[in-house]
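Subject: Structure handover

Hello,

Here is the structure for you to look through. Please open it first, then read my notes below.

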Amino acid sequence: MSLPSKLFRCFVFFTLIPLLLCSALAEAVSLEEKVVEFEYANGLRLMVVDRPETPVVSAYITIGVGSVHETSETRGVAHLLEHMLFKGTKVLGTTDYASEKPLLEQIETVGSEIDRLRLNPQSDPEQIMALSKKLQELQADHKRFVVKDVFSKIYAENGGVGYNAFTGKDLTTYLISLPSNKLELWALIESDRMQNAVLREFYTERDVIREERRRSYETSPGGLIYETLLANAFTVHPYRDPIIGWHSDIANLSLAETRTFLEDYYAPINTVIALVGDVRPAKAFDLVNQYFGSIPPGTPVPNVAANEPVQNAEKRVTVFFDAEPQLSIAFHKPTLPHKDDYVFDLIDQILAQGRTSRFYQNLVEDLKVATSVSAYMAPGSRYPNLFVINAVPRYPHSAEEVEQAIYSELEKLKDEPVADEELLKARNRLVTDQLRYLKSNNGLARMLTSYQSMVGDWRYLVNYQNEIEKITADDIMAAARAYFVSKNRTVVTLIRGENNNAPKS
Amino acid sequence: MHLSLNPLNVFLTFVISVICCACTTTTQQPAHPNDLSFQPLVFHVPEVERVNLDSGISLYLREDNELPLIQLTAMIGSGALAASIDKAGFDELFAGSWRTGGTRQRTPADLEKQIDFLAANLGAQMGPYFTQIDLSLRAQDLREGLSIFADLLKDPGFAQESFELEQIKAQERVRRQNDNPGSVARRLLSAALYPHHYLGQSPTIQSIASVTRDDLINFHRTFFAPNNLSLAVSGDFDRKELIALLEQAFEGWPKQTVPNISVDGIITEQVGGVQVVDRPIPQTTVLVGGLGLTKDHPDQYAARVLNYILGGGSFNSRMMKEIRSNRGLAYSAYSFLQVGRRLPGLFVAGTETQNGKVVEVLGLIHEIMTSLRENPVSDAELQLAKESQINSFVFGFDDSHAIVVQQMHLDFFNYPDDYLSNYRNRISEVTAQDVQRIANELIRFQEQQVILVGDSAPYFEQLNRLNLPVKRVTPDGLE
């Protein structure tokens, strides 16, 4: 499950990232010695790694709920809620909550009435106009109660950096790094946010998210091809839907739905915390206990019932966009802890990582039909997922040519066992890259919370090296034969269409 | 200390529930951040050891034994400004071919095999002022890694086939440079602000074709010498062993006189304008920019505070508050200030909004900038911008390699010795008057470059409100 760095990079502010977990962590013994773990009576889990060298600490809170847990009525709500949780609480972000509350209720009444009328073609447009005007007036009036973006302000003045959150298919994470003397501030704010969040400025934030959607998926060929790939590769499973939702989803999500998602899932039983940095475990334990210990446990996030049926025909889609051609190919595969998930980590290394990988050697250096070919696992890891290959064809070679060259590499993997040296190289890389992810407080906190939330035990990371050692060349050949077949794949090609060949001028 | 999910944990859970019953009745947790008090933060800028090697190399060292990894960064004190202006793309071709072209002792294929087998990461880059190569490897591989590293610095191969591959990859990047509206906008902005200068040039198919392998070899021959090389090393090494290995690896590499590269040529008298690129997409990328300043400007700290308040401070900035949070007009709204090391960097405000809202957003940016010019910023804003930068200063030092590389760069660019230790004081001294003064210096409406990439049908006719000449251009800047 190696994580391509370009996907790492895309989380700025509250961006969505397709959550692909990193193949992480080696030095099993030392990691196991470093992590101190606690479980509280209400189900909350805390992992602490003490690194006293620099007086800073990274704090990650991961809720084991993501867009995969939405229904068709609430697509986009996990991400919308994540945005809304930056708007303050009953204590923070308001000048006077008691006086603010009736106004918030009025705003919600008018806003949901507008949403209801907009969906009915028989509605009187003038009535909608009048209500929209009323909504604007209420929103303007509401401003007198709002202390803008208060968490952001408090964290910033106290020296916090990297204050952010990201919503994935499988989980949602809230993160901040602070000078270590300010850790209690984090505990106070985050426990307040878990219990007393107020979803203010809701209708404005829906508009923000629609701009985010335009920016990430509709003006970017990479975003467009990725969204199209998922929407076609899955027929039934909610992994098919974009985390951010489609436009009509975002425009129609209600405050009630958002609040319900919060109340149902944001609770200690679904939460894991990692504190990595200049922090003593015993002190961290007490602090988290003081602020989070008495929060009621809540109920566990239910598993997704939808089961993706076996794909029995190749799916091919062409999308048109004003950009040079791109190609994306996805194969269904099982997810961790299935053995084949580890096998795919090795396949990924052998095919696509580094300049001595097969794709680079053969497609980029020898045939020169592409300038890059990359691979990754997507879009989540809680449920069976995809092995995705992306390629950038080199002019004048077509996406078809590149596609065929990719398939001949996949065929080789089915027919010839991988040489020992190549296998050893792949293992070295997986294990060493794990070490590199451990280097930063953020990287380690992120991996601990992700695996704890996803697999139920962060020690997945510790055992990883052992599992990788067990994989043989025969396992790789067997997996290639089982999964790299045409009926198991989805192919999306992005090209210029006839109608958007050239920009209007 | 390790508590697992096993029987021990059952005990722990039990203990905690008891403790909690007690907590709820006896202790009251603070309800508001103002009720908290904090221990003062003990932090001193970490020391970096400097060693002058016999070979002439300046070495920067910091041991960190937590993980069995070592990172090395070598910096040659000459960069892309040495290239001729019509050879845009020289920087990426040099860095790429140096990285992949093998050495006199190692074919490119052998070198790649060795690097990949060690699970090492090797990367090269060329900036305007210096050229850098980075190597990350396991501590156990230090000897082998150093031998490759020294080989690449002393005797790079620039193999013909590697150079040609880098050329065709660079040309494919040129073909794709218009695929994303953001990259079109950034390119046009640099071109407008650095006319007829290397910093404003973007590679073209032809400019890349015009660079020859000999150009790369000449650059190496002219500028690569131990007396023009600094080296930063961090990680799990033994100091004595490392120094001995380095002396050995670079032994016999002759010193030589390295020519100075002129950094002149920036036109500081700017002529403002609006450039519009039409794309059939539902959102427009908006950039509003001008030239910033250099590190030698006395008001650089005030400029940092100004930038924070304008759009650099995320949700605490005026742009984010007005454009995103109050009006829902954009997802990101930001500004950035590049404090140039020798030549002025950029000072840019940007956002992306649906095509129908471009005029409104431009109006807001103009309004925010006008207010920063005409009125002193409020005490609360000033305080927040300063506190944020002062209290987060410690994060510049949470990675040992970043610490050594930073010190190497500061020395190379002749920053004063107390630059880091005084940084927080300098920020704390900034006043509202300083911010207003630098706002008037850096924000000059008549010299601004405005770049818009999107479907301009809803707004093109209204752009004359900006009182700047408006032109439609292709993504490559042609009228």
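**What I found**

A:Lys368 sits in the loop between helix 14 (358-366) and strand 9 of chain A. Its phi is near 55°, a positive value in a residue other than glycine.

A:Glu201 also has a positive phi, about 60°, and is not a glycine. Its loop runs between helix 7 and helix 8 of chain A. Is A:Glu201 buried or exposed? A:Glu201 is buried, because 26 other C-beta atoms lie within 10 Å.

The predictor gives the complex an ipTM of 0.91 and a pTM of 0.92. In chain B the average pLDDT is 92, and 94% of the residues score at least 70. Residues 1-27 of chain B are another matter: their pLDDT is below 50. That stretch still has 31 contacts in the model beyond near neighbours in sequence. Where pLDDT is low, the predicted coordinates should not be read in detail.

**Cis bonds in chain A**

Look next at two prolines. The peptide bond from A:Ala378 to A:Pro379 is cis, with omega near -5°. A:Pro379 belongs to the loop between strand 9 (370-378) and strand 10 (385-393) of chain A. A:Tyr395 and A:Pro396 are also joined by a cis peptide bond, and there omega is about 5°. You will find A:Pro396 in the loop between strand 10 and helix 15 (399-415) of chain A.

**An enclosed strand**

Now go to strand 3 of chain A, residues 56-63. Why call this strand largely enclosed by the rest of the structure? Because 8 of its 8 residues are buried. Both faces are covered. On one side the buried residues are A:Val56, A:Ser58, A:Tyr60 and A:Thr62. On the other they are A:Val57, A:Ala59, A:Ile61 and A:Ile63.

Which way does strand 5 of chain A run relative to strand 3 of chain A? The two are antiparallel, joined by 8 bridges. Within strand 5 of chain A, A:Tyr174 stands opposite A:Ile61. Strand 3 of chain A also pairs with strand 6 (residues 271-277) of chain A, in the antiparallel sense over 7 bridges. There A:Ala59 has A:Leu275 as its bridge partner.

**Where the chains meet**

How many residues of chain A are in contact with chain B? The count is 74, against 77 residues of chain B. Several elements of chain A supply at least two residues each to this side, including helix 2 (28-34), strand 1 (35-39), strand 5 (172-179) and helix 16 (420-438). Helix 8 of chain A gives the most, with 9 residues. By type, the chain A side divides into 23 nonpolar, 23 polar and 28 charged residues.

One residue of helix 2 of chain A to find is A:Ser30. A:Ser30 counts as partly exposed, because it has 16 C-beta neighbours inside 10 Å. A:Val462 is 432 residues away from A:Ser30 along the chain, yet their C-alpha atoms are separated by 9.2 Å.

**Chain B and its domains**

Chain B has 16 helices and 14 strands. Its C-alpha trace spans about 75 × 65 × 45 Å along its principal axes. Of its 479 residues, 46% count as buried. Take the contacts in chain B between residues at least 6 apart in sequence: 82% of them join residues at least 24 apart.

Chain B is divided into domain 1 (49-178 + 187-249) and domain 2 (273-472). Their C-alpha centres lie 31 Å apart. Across the boundary, 19 residues of domain 1 of chain B are in contact with 21 residues of domain 2 of chain B. The domain 1 side divides into 12 nonpolar, 5 polar and 2 charged residues.

**The core**

In soluble globular proteins, nonpolar side chains tend to be buried together. Here the largest nonpolar core has 269 residues. Those with the most contacts inside it are A:Val373, B:Val305 and B:Leu306. Domain 1 and domain 2 of chain B both give residues to this core, so it lies between them. Leaving aside neighbours within four places in sequence, B:Val305 is in contact with B:Leu382, B:Ala385, B:Lys386, B:Ile427, B:Val430 and B:Val435.

Best wishes

Conventions:
Residues numbered from 1 in each chain as written. Chains lettered and ligands numbered in written order. Predicted model: local features only at pLDDT ≥ 70, side-chain atom pairs only at ≥ 80, totals over all residues. Contact = placed C-beta atoms within 7 Å. Helix = DSSP H or I, 4+ residues; strand = E, 2+ residues; numbered from the N terminus. Nonpolar A, V, L, I, M, F, W, Y, C, P; charged D, E, K, R; others polar. Buried ≥ 20, exposed ≤ 12 C-beta atoms within 10 Å, placed from the backbone. Core = buried A, V, L, I, M, F, W, Y, C linked by C-beta atoms within 7 Å. Domains from an automatic or database assignment. pLDDT = per-residue confidence, 0-100. Pairing = 2+ DSSP bridges.
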